[in-house]
Amino acid sequence: MAFVPIAMGVAAVGSAIGNMISNRKRKKELEKQQRLADAERSNNQAMYEKDYYTPYTETTEAKAALETAREHLAEDGKKSAHASAIVGDSNERSIAQKEASNKAFTNLVRSIAGQGQSFKNAVRGQYLSGKALNNQAQASISNARAGVAKESAESWNNLFENVMSLGMGLSGGTGTGKG
């Protein structure tokens, strides 16, 4: 009948070793997830710093709007000058036309400035959202690591107990010290 406890002890040792191997694989996977989360946090920070601190007037959208406005102003100025020369308009009318064009351009620049603030707010919101998701991922990884550490400690404890029990079974002892 001593054979049954020995077989159970060997199976328990094998199970404990299997758990340790499984925990090691999980630990490596968690390390990989940690590297990915760290890279994502770094990318989120870099994108925030690039987008948030770049003047909005340097964005493609704002540059295109300003360039289009400049082209229209230049074209309107030429048409106005040409029309004034043909009909013989006074300088006052030409000056009034230039002031209206300048006012329109100023309004466009103000509008772009407002869009710039909206853009910065959106960038900040996206950054904070990404940061919150990353913090959740970091917490999840930390919790999983704690679980793996606990399971690993339990596996080592079980292995030790099973080896001791197996040793007692092989020696014929009862483990109470009374032989």
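In which helix is the place of Asn23? Select Asn23 and you will find it in helix α1.

**Before you start**

You are looking at a predicted model, in which local features need pLDDT of at least 70 and side-chain atom pairs count only at pLDDT 80 or more, while totals for chains, interfaces and linings use all residues. Residues are numbered from 1 along each chain as its sequence is written, and side-chain values use heavy atoms, with hydrogens and water left out.

**Stop 1: the whole protein**

Switch to a cartoon view. The protein has 3 helices and 0 strands, and from the N terminus on its elements run α-α-α. Both kinds of element are DSSP runs numbered from the N terminus: helices are H or I with at least four residues, strands are E with at least two. Of the 179 residues, 18% count as buried. Here buried means under 20% relative accessible area, exposed means over 50%, and partly exposed is in between (1.4 Å probe, protein chains only). Now think about contacts, meaning heavy atoms within 4.5 Å. Among contacts between residues at least 6 apart in sequence, 93% join residues at least 24 apart.

**Stop 2**

Go back to Asn23. With 5% relative accessibility, Asn23 counts as buried. Show its contacts, leaving out residues up to four places away in sequence: Asn23 touches Val148, Glu151, Ser152 and Ser155.

Next, select Ala37, which is also found in helix α1. Ala37 is buried, at 8% relative accessible area. Apart from residues up to four places away in sequence, Ala37 touches Asn134, Gln138 and Ile141. Try the distance tool on the C-alpha atoms of Ala37 and Asn135: they are separated by 8.9 Å, although the two residues are 98 apart along the chain.

**Stop 2: the aromatic rings**

How many aromatic pairs does the structure hold? There are 5. Rings of Phe, Tyr and Trp (its six-membered ring) pair if their centres lie within 6.5 Å; planes under 30 degrees apart count as stacked, over 60 as edge-to-face and the rest as tilted.

Show the side chains of Tyr48 and Tyr53. Their ring centres are 6.1 Å apart and their planes stand at 75°, so this pair is edge-to-face. Tyr48 is buried, with a relative accessible area of 9%, whereas Tyr53 is exposed at 55%.

Move on to Tyr56 and Phe119. Here the ring centres are 5.3 Å apart and the planes are at 45°, so the pair is tilted. Tyr56 lies in the loop between α1 (3-53) and α2 (60-87), and Phe119 is in helix α3 (residues 91-171), so the pair ties together parts that are 63 residues apart in sequence. Tyr56 is buried, with 12% relative accessible area, and Phe119 counts as partly exposed at 28%.

Now select Tyr48, Tyr52, Tyr53 and Tyr127 together, as ring pairs link them into a cluster.

**Stop 3: a cavity**

Which residues line the largest cavity? Select Asn44, Met47, Tyr48, Asp51, Val123, Gln126 and Tyr127. A search of the whole structure finds 1 cavity of 30 Å³ or more, and about 30 Å³ of space lies in the largest cavity. On a 1 Å grid over the protein atoms alone, a cavity is a set of points where a 1.4 Å probe fits but cannot get out, and lining residues have an atom within 4 Å of a point. Grid points are joined across faces, edges and corners, and the volume is the space filled by probe spheres set on the points.

Colour the lining by helix. α1 and α3 each supply at least two residues, and the largest share, 4 residues, comes from α1.

**Stop 4: Arg70 in α2**

Finally, select Arg70 in helix α2. Arg70 is partly exposed, with a relative accessible area of 45%.

Conventions: 1 Å grid on protein atoms, 1.4 Å probe; cavity = no way out; pocket = protein on both sides within 12 Å on 5 of 7 lines; lining within 4 Å.
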